[in-house]
Amino acid sequence: MGDKSNIIEMHQEFYEFWLHHRDVSGRVPEPAIDPSKFKPLLPNIVKIRNSDDGPRFTIVGTHVVDEYKQDFTGLLVCDHPYDVCRETYLSMIDRMNTLTSMVNSHGLFCYTNRRHLRTMESGFALANPDTNHISGYLVLVTVDHRIYSDNLYAPIEPEEVVCAEANIGNQAEFDLTMQGYQNLSR
């Protein structure tokens with residue numbers, strides 16, 4: 001899901017986009033979301049929009065679709081078929097609703113014979129430019145396949161998931177979070 005060697009660089013670019021476009025509440029006004037500004041990241045982007053029914057996936061990048069072997073576009077987050085993913089997104093949304101920072105979730109999907117996938121999601125809230133109310137969320141999703149080449153949940157589900165969450169408001173917190181991602185183990 002993207003070049004294995006540049007996962008941290010992808011999240012750095014996403015962080016810098018957020019840093020450059022955020023307002024004092026930590027939200028990015030929707031008009032700032034110009035796909036041309038982060039084109040290399042688009043296959044790994046998930047956009048979620050708040051709806052009357054709850055948060056709903058509105059854009060799911062091609063690498064994310066390939067990873068899960070299905071497209072979640074149009075699905076309510078609470079209806080995501082995988083417990084860990086649903087809980088991760090709902091936790092991130094809850095934190096994005098209350099914090100002025102970017103949020104991060106990273107972990108290991110552990111399979112038999114100590115094979116695992118490293119996953120990382122970074123996200124921030126989007127604001128309606130007229131009301132500054134949260135209108136949705138933008139999330140960057142990456143998966144590192146250096147140890148396990150199969151996809152998340154395909155062909156088998158992981159035996160265990162180990163994860164950590166972080167709030168990122170400055171470069172030092174970003175660096176610490178990336179170090180935690182690199183050092184995460186069972």
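Me: Where is the place of P31?
Reply: In this predicted model, P31 has its place in the loop that runs between strand 1 (28-29) and strand 2 (45-51).

Me: Is P31 buried or exposed there?
Reply: P31 is exposed, since its relative accessible area is 60%, and exposed is the word used for values over 50%.

Me: And how far apart are the C-alpha atoms of P31 and N128?
Reply: Those two C-alpha atoms are separated by 8.5 Å, although P31 and N128 are 97 residues apart along the chain.

Me: Switching to R118, where is that found?
Reply: R118 belongs to strand 5, which covers residues 116-127.

Me: What is the nearest side chain of opposite charge to R118?
Reply: That side chain is D144, at 4.8 Å, and R118, which is buried, has no salt bridge; the limit for a salt bridge is 4 Å between a side-chain nitrogen of Lys or Arg and a carboxyl oxygen of Asp or Glu.

Me: Which backbone oxygen lies 3.0 Å from a polar atom of the R118 side chain?
Reply: The backbone oxygen of Y181 lies at that distance from the R118 side chain, and the ring of Y181 is involved with R118 as well, with the charged end of R118 sitting over that ring, 6.0 Å from its centre.

Me: How many aromatic pairs does a search of the whole structure find?
Reply: The search finds nine aromatic pairs. One of them is formed by F17 and F124, whose ring centres are 6.2 Å apart and whose planes meet at 25°, so this pair is stacked.

Me: Which parts does the pair of F17 and F124 tie together?
Reply: F17 lies in helix 1 (residues 7-21) and F124 lies in strand 5, so the pair ties together parts that are 107 residues apart in sequence.

Me: Are F17 and F124 buried or exposed?
Reply: F17 counts as buried because its relative accessibility is 7%, and F124 is buried too, with a relative accessible area of 0%.

Me: What about Y68 and Y82, how do they pair?
Reply: Y68 and Y82 form a stacked aromatic pair, at 6.1 Å centre to centre and with 20° between the planes. Y68 is in helix 2 (residues 62-68), whereas Y82 is in the loop between helix 2 and helix 3 (83-98), and the two are 14 residues apart. Both Y68 and Y82 are buried.

Me: Which residues do ring pairs link into a cluster?
Reply: The cluster consists of F57, Y68, F72, Y82 and Y89, linked by ring pairs.

Me: One last topic, what is phi of K69 near?
Reply: Phi of K69 is near 60°, which is a positive value in a residue other than glycine. K69 lies in the loop between helix 2 and helix 3, and K69 counts as exposed because its relative accessibility is 57%.

Me: And where is N132 found?
Reply: N132 is found in the loop between strand 5 and strand 6 (134-144), and its phi is near 60°, again a positive value in a residue other than glycine. N132 counts as partly exposed, at 31% relative accessibility.

Technical notes. Residues are numbered from 1 along each chain as its sequence is written. This is a predicted model: local features need pLDDT of at least 70, side-chain atom pairs count only at pLDDT 80 or more; totals for chains, interfaces and linings use all residues. Side-chain values use heavy atoms; hydrogens and water are left out. Helices (H or I, at least four residues) and strands (E, at least two) are DSSP runs, numbered from the N terminus. Buried means under 20% relative accessible area, exposed over 50%, partly exposed in between (1.4 Å probe, protein chains only). Lys and Arg count as positive and Asp and Glu as negative; His and the chain ends are not counted. A polar contact is a pair of N or O atoms within 3.5 Å; within protein, one must be able to donate a hydrogen and the other to accept it, and residues adjacent in sequence count only if both atoms are side-chain atoms. Rings of Phe, Tyr and Trp (its six-membered ring) pair if their centres lie within 6.5 Å; planes under 30 degrees apart count as stacked, over 60 as edge-to-face and the rest as tilted. A charge sits over a ring if NZ of Lys or CZ of Arg is within 6 Å of the ring centre and within 35 degrees of the ring normal.
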